[in-house]
Amino acid sequence: MTAGTEADALRVGITAASVYLPDEVVTSEVLEQRISNASDGLAVPRGLIERVTGIRTRRFAAHDQQASDLAVAAAEALFADHGVDRAS
């Protein structure tokens with residue numbers, strides 16, 4: 001098919017993206033402490049999680065938040081950032 005045909009009308013693409021990050025930030029050090037405190041006699045060496053995973057901090061959703069709540073918040077941010085009317 002050549003340019004300007006029906007096939008061109010069916011092309012789609014991603015033109016924008018957005019994210020929502022939960023409020024609770026947990027460092028690897030805090031996670032190590034939580035694991036050590038929750039386990040019987042297991043002491044996680046300081047810095048181990050970050051050395052093994054390369055992750056310094058992570059975000060935890062609140063207990064009352066579902067994945068769909070995070071997705072809706074990201075969509076709302078996307079709409080606001082790009083002037084999209086939710087009703088359209």
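E29 is partly exposed, with a relative accessible area of 35%, where buried means under 20%, exposed over 50% and partly exposed in between, for a 1.4 Å probe and protein chains only. This is a predicted model, in which local features need pLDDT of at least 70, side-chain atom pairs count only at pLDDT 80 or more, and totals for chains, interfaces and linings use all residues. Residues are numbered from 1 along each chain as its sequence is written, and side-chain values use heavy atoms, with hydrogens and water left out. E29 takes part in a salt bridge with R46, and the structure holds three salt bridges.

**Overall fold and shape**

- The protein chain has four helices and two strands; helices (H or I, at least four residues) and strands (E, at least two) are DSSP runs numbered from the N terminus.
- In sequence order the pattern of the protein chain is α-β-α-α-β-α.
- The protein chain is more spread out than a compact globule, because its radius of gyration is 22 Å, well over the 12 Å that the globule rule gives for 88 residues.
- That radius is taken over C-alpha atoms, and the globule rule is 2.2 Å times the number of residues to the power 0.38.
- The C-alpha trace of the protein chain spans about 70 × 35 × 20 Å along its principal axes.

**Surface, burial and contacts**

- Of the 88 residues in the protein chain, 10% are buried.
- The protein chain has an accessible surface of about 7200 Å², and carbon and sulfur atoms account for 55% of it; accessible areas come from the Shrake-Rupley method with a 1.4 Å probe, and for residues only the protein chains shown count as cover.
- Taking contacts in the protein chain between residues at least 6 apart in sequence, 59% join residues at least 24 apart, where contact means heavy atoms within 4.5 Å.

**Charges**

- The protein chain carries 8 positive and 13 negative charges, and their mean positions lie 9 Å apart.
- Lys and Arg count as positive and Asp and Glu as negative, while His and the chain ends are not counted.
- Each charge is placed at NZ of Lys, CZ of Arg, CG of Asp or CD of Glu.

**Salt bridges**

- A salt bridge is a side-chain nitrogen of Lys or Arg within 4 Å of a carboxyl oxygen of Asp or Glu.
- In the bridge between E24 and R34, the closest N and O atoms are 3.2 Å apart.
- E24 is in strand β1 (residues 24–27) and R34 in helix α2 (residues 28–38), so this pair ties together parts that are 10 residues apart in sequence.
- E24 is partly exposed at 34% relative accessible area, and R34 is partly exposed at 38% relative accessibility.
- The salt bridge of E29 and R46 has an N to O distance of 3.4 Å.
- This pair links distant parts of the chain, with E29 in helix α2 and R46 in the loop between α2 and α3 (48–53), 17 residues apart.
- R46 is exposed, at 65% relative accessibility.
- The closest N and O atoms of the E50 and R56 salt bridge are 3.2 Å apart.
- E50 is partly exposed at 32% relative accessibility, whereas R56 is exposed at 60%.

- E32 is located in helix α2.
- E32 is buried and has no salt bridge, the nearest side chain of opposite charge being that of R46, 5.9 Å away.
- Apart from neighbours within four places in sequence, E32 contacts V44, P45, R46, G47, L48, I49 and E50.

**Residue pairs across the sequence**

- S28, in helix α2, is buried at 2% relative accessibility.
- The C-alpha atoms of S28 and T57 are 5.9 Å apart in space, although the two residues are 29 apart in sequence.
- Beyond its neighbours within four places in sequence, S28 is in contact with I49, E50, I55, R56 and R58.
- G41 is in the loop between α2 and α3 and is exposed at 78% relative accessibility.
- G41 and A71, 30 residues apart in sequence, have a C-alpha to C-alpha distance of 39 Å.
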